[in-house]
Amino acid sequence: MNDIIYKFKLNHNYLSKNGFELYLRNADDYQRIDITKINSKIISPSSFPYYIRQLLSTINAMGRYKFDLPNLNSVYLHDAPHHDLFKSHIRVCIRIDKAAHDTYQKYT
């Protein structure tokens with residue numbers, strides 16, 4: 001996230017140009033913030049109260065589609081922006097970070 005904030009400070013249009021949205025956390029939900037009203041000169045990674053979300057698109061590293069799976073651990077499947085990578089014989093992209101052990105079934 002630090003690199004995104006740095007690029008935003010250099011170019012105030014960076015977020016909107018790259019399909020990012022900003023949200024401020026309220027009591028039980030998130031409120032979308034108008035990016036044009038943020039003073040990029042006074043923010044820093046240590047004083048950045050916003051949640052950043054990039055819309056699914058051809059410029060998003062996850063591609064245009066996201067398939068949510070019903071689970072408590074935010075496990076999902078996603079598209080890829082570079083479909084030519086699917087032609088490769090060697091391709092693996094499975095990432096699971098800190099998934100709870102009780103969500104897996106053991107096969108013996």
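**Exercises on strand pairing, salt bridges and the nonpolar core**

Strands β1 and β3 pair in the antiparallel sense over 5 bridges; two strands are paired if DSSP finds at least two bridges between them. The model is predicted: local features need pLDDT of at least 70, side-chain atom pairs count only at pLDDT 80 or more, and totals for chains, interfaces and linings use all residues. Residues are numbered from 1 along each chain as its sequence is written, and side-chain values use heavy atoms, with hydrogens and water left out.

**Exercise 1.** Describe how β1 is joined to β2.

*Solution.*
Step 1. Strands, numbered from the N terminus, are DSSP runs (E, at least two residues), as are helices (H or I, at least four).
Step 2. β1 and β2 (residues 30–33) run antiparallel and are joined by 4 bridges.
Step 3. The two strands form a hairpin with 4 residues between them.
Step 4. Within this pairing, Leu22 stands opposite Ile33 in β2. On the β3 side, Tyr23 has Tyr51 as its bridge partner.

**Exercise 2.** Determine which residues are linked with Glu21 in a network of salt bridges.

*Solution.*
Step 1. A salt bridge requires a side-chain nitrogen of Lys or Arg within 4 Å of a carboxyl oxygen of Asp or Glu. The count by this rule is 3.
Step 2. Arg32 forms a salt bridge with Glu21, with the closest N and O atoms 3.4 Å apart. Arg32 belongs to strand β2 and Glu21 to strand β1, 11 residues apart.
Step 3. Arg53 also forms a salt bridge with Glu21, at 3.9 Å between the closest N and O atoms. Because Arg53 lies in strand β3 and Glu21 in strand β1, this pair ties together parts that are 32 residues apart in sequence.
Step 4. Glu21, Arg32 and Arg53 are therefore linked in a network of salt bridges.
Step 5. Buried means under 20% relative accessible area, exposed over 50%, and partly exposed in between (1.4 Å probe, protein chains only). Glu21 is buried at 8%, Arg32 is exposed at 55%, and Arg53 is partly exposed at 37%.

**Exercise 3.** Identify the residues that touch the most other members of the largest nonpolar core.

*Solution.*
Step 1. A nonpolar core is a set of buried Ala, Val, Leu, Ile, Met, Phe, Trp, Tyr and Cys residues joined through side-chain atoms within 4.5 Å.
Step 2. The largest core has 14 residues, of which Leu15, Leu22, Ile38 and Phe48 touch the most other members.
Step 3. The elements giving two or more residues to this core are α1 (2–10), α2 (14–17), β1 (20–25) and β3. The largest share, 3 residues, comes from α1.
Step 4. Leaving aside neighbours within four places in sequence, Phe48 is in contact (heavy atoms within 4.5 Å) with Met1, Ile5, Leu22 and Ile43.
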